[in-house]
Structure formats: structure tokens, C-alpha cells
Amino acid sequence: MTMTLDTPSGLTTENVEKPYRWRWPALSVILTGSVMELLDMTVTSIAGPVMRASLGGGTAMIQWLGVAYTLAMVSGLLTGGRLGDIFGRKRMFLIGAIGFVVGSLFCAIAVSPEMIITARVVQGLFGAAMVPQGLGMMKEMFSGKELQSAFGMFGPVMGLAAVGGPILAGWLVDADLFGTGWRMIFLINLPIGALAVLAAVKFLPANRPGASLKLDIPGALLATTGALLIVFPLVQGREYGWPLWTFAMMAAAVVVFGVFAWYEKRKSLRGGAPLVEPSLFRKRSFLAGMATGTIYFAAFSGFGLVFTLYLQLGLGFSPLKAGLTGVPMSLGMIVGMGLVQVVRKHGRKVLHTGALIMAAGVVALLLLLGPETGPWLIAPALLVVGIGSGLIMGPYFEIALSGVEPSEAGSASGALTSLQQVGGALGMALLGTVFFDAGTTDPTDAAQRTFWVVAVMVLLTFAVGFLLPQRIRDVESAG
């Protein structure tokens, strides 16, 4: 996702001084697109077991439902923002929204694991074309306090989506509306997406495409290939018995990422526009931010997947009951992020406190697990996990960007956003594999083993976090 502090192309000084007439309806369209994408990132965690029972496939199929979508988002996000700069943000938003709806339809009519996973890739790619356009358009439409208010609306709306998404998915699966079962979690995107497209045509501002800008396609392909070489063997290795090629693929990923770094540096020296500014890799704070983010987002996403799997496969909860059980964690995250606004000045200490709280919550949760575990018994532990997670996630991006120069802010922000998705895919692959490797004859034991790994990962986040800057420093003042 590309960020810029310059005057957007196609806007004159007069345009900037005179607010865009339809800016608030346009913001609603942008929020709708973001919510639709966020919901589809989480719904398969709830519906996964039911989808597998319907479509067949091994346990890895449940992991691929989330991983395929996330990896597609990563590959698309690396170029999605730049595509908006080149061809126009409104145009790319419309293409992304229409493609996302088509991908949702393909998901809904899938009749095999291969078809649903391919459709999830389509969703992820078009979602990545749609979502990054919102930031650029918001900076075109708003300024000053209005821009702050516009950005401020994202937190509550995304928080509500995080709480409501699993509940909605569980209810739709259980309700079996019109005999559609799990397919309704994708069919619901059709009317919502159609309304978003119609509203986008009317309300979104059109910007002048930047014909001189170019895509770094080789860089995007190298980065995506490296991520796939790590994730694929982690997901499929267990079912294939961990043959030699799975380890060879993971080793090859290191080589591919090395080639990516070399290519980006070479492109920058030749005056090109690399996906990631090579200068960022010489900054300890940014490298520490990448390491911290990868570990945390892997722990968080993997925990979410395994927790919902355990509720359904281990405790026999319905999808709706599983979605409702996770509400305390979502509410805790909202509380944690709210607290960040009060204690923001403490910088790195906030993240460290969050890591310790989250780890304590995970340990408390795993100790409470058992065949007779009920939602109310584990609710306090989930609330603690959520609060700790919110205290980590709230200041993370600001802290990780504190050491970058203004000229590097766009590249750094895009890299960290993509890294969030990569970490999520790694977590679902790694922790999902740990859970299924532990065996399904005793789901409680499998979940406890996995959550011990989660706790260790969160504590590792705490340790690596000492390499981050102590204070949050605005990117505009960096340097």
C-alpha cells in the first residue's frame, strides 16, 4: 500500500482548498469495501470444518482456505497501491470490488477443495486491488481534522467487523438459509458488493492516472514466490509425511528472498522504483519491526484458527456457538486499542506490556481447556488475550515506522502491511500443522500443545521488541 504526503495527482490547489462534495458518502463506500474484505478473511475459520465435510479433502484443506486468500492478498498488495497510482484509484477500486464479488460467487458454487481454494485466491487478488485505493482517495478528499476523523472511523468499524464477522458466519452456517448452508457466507457478498459498486460509481472521486509510473513485476513475483516456498511445505508437509522436497522448498525460499533483496537494490541504483526501498534494510529499527510483526501476526492468526477448530472439532460447538465464544477476545482487542490512545507516549513499553498480558491469557486459557469446557469458563482468559493483543497491535505500526525517513514512509508502510499478511499465512500454516500433528484423538491435548507454542511466540515477540525504538516518533519528523 503506497502512502504519499504530496498533493494527489489530478488535483489543483483550488481542488484541495474546496472539499470534495461527496467525501462522506465516499468514505462509507471505502469502509464497506474494507469490511467486506476483512469479513472474508475470517469467515472460513468458523466455517472451515463444515466446508471440509461438504467438499471433502484432508485437514490441510481447512488451512488452505485461509492461507490461499492471505497469500493472494500479499501478492496483490505489493502492486495494488501502485496500480491505483497508474490507472486511477476509482477505476482500480471498481475492478477490485467487481472481481471480489465474482470470486465470492465462485466460492459459493464450489464443488471441490481445488475449486474453493482457487476461488479464494481470486478473492484475495481482487481484494488487494480494492482495499489499498481507500487510503489515497481519503487523502484526496479530506484534510486537517476531517482527515483525522475519517481515519478515526476505521478503528470502530473494523472492530465491529472483527466482533460481528465470526458471529455472522456462524449464524449463516447454522441457519442454512434457503438450503445454502456454508455457501451463504459468500453469497451475502453479492448484494453488498453490488451496492458498493453502484455507490462507488456515483460517489468516489476520479484521479488522473500517473502514466510515468511503472510496476515492479519481477520484484512482486520474487517476493510472492519466496512466501509460497515457505508456506506450501508447512501446510502440506504433514499430509505427505515430510519428504525431503518440503525442506528443500523452505531452503530455496531463503535463496529467493536473497535474490529479491539483490534485485531491489539493483533496481534502486538504476533509478527505478523498487517495491521496498533497499535503504530500509540498513535500519535496525525497521528490521526489528519486521521481525516483531512477523512473529506476532503469526501467533495471533494461528491462535485464532486453532481456537475455532478446537471449539468445533474438540468440544463439538456449532459454528454459531464457536463465533459467539470468541467475542470476549474481540472485545478485549477493542479495549486494548482504546487504552493505547491513553498510554501512547510510553511507546515500546506499551507493546511489551501487551505481550506479557497476551502470553498470560494464552497460558490461562490452555490450563482451562477440557472436554467439559464452556464459553463462560474461558471468557475471562479470552478477554485478557484480546486486551494484550490490542496493546501490541495498537502501537506496532507507529513504532516500527519511527525510524524511517519521510521519503521511505510509503515503501516501509507497504512492506509492513504485506508482512502482516505473510505472518498471518505463516501462523495458520505452522500452528495449524502443530495442532493436526498432535493428533485428533485427543483434541484438548493437541490444542494445549499448540497454545504453548503460541505463548512462546508471544514471549519471543516481547524479546525481539527490545530492538524497537523506545518512543514513537512521527514519520514526518523523522530524520
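A polar contact is a pair of N or O atoms within 3.5 Å, where within protein one atom must be able to donate a hydrogen and the other to accept it, and residues adjacent in sequence count only if both atoms are side-chain atoms. This is a predicted model, in which local features need pLDDT of at least 70 and side-chain atom pairs count only at pLDDT 80 or more, while totals for chains, interfaces and linings use all residues. Residues are numbered from 1 along each chain as its sequence is written, and side-chain values use heavy atoms, with hydrogens and water left out.

**View 1. Domains of the protein chain.** The domain assignment, which is automatic or from a database, gives domain 1 (20-206), domain 2 (217-274) and domain 3 (279-478). Between the C-alpha centres of domain 1 and domain 2 there are 26 Å.

**View 2. The interface of domain 1 and domain 2.** Here 11 residues of domain 1 are in contact with 12 residues of domain 2, contact meaning heavy atoms within 4.5 Å. Between domain 1 and domain 2 there is 1 residue pair in polar contact, with both residues at pLDDT 80 or more.

**View 3. The lining of the second largest cavity.** On a 1 Å grid over the protein atoms alone, a cavity is a set of points where a 1.4 Å probe fits but cannot get out, and lining residues have an atom within 4 Å of a point. The lining consists of Thr-44, Ser-45, Ile-62, Gly-66, Leu-305 and Met-428.

Conventions
On a 1 Å grid over the protein atoms alone, a cavity is a set of points where a 1.4 Å probe fits but cannot get out, and a pocket is an open set with protein on both sides within 12 Å along at least five of seven lines; lining residues have an atom within 4 Å of a point.
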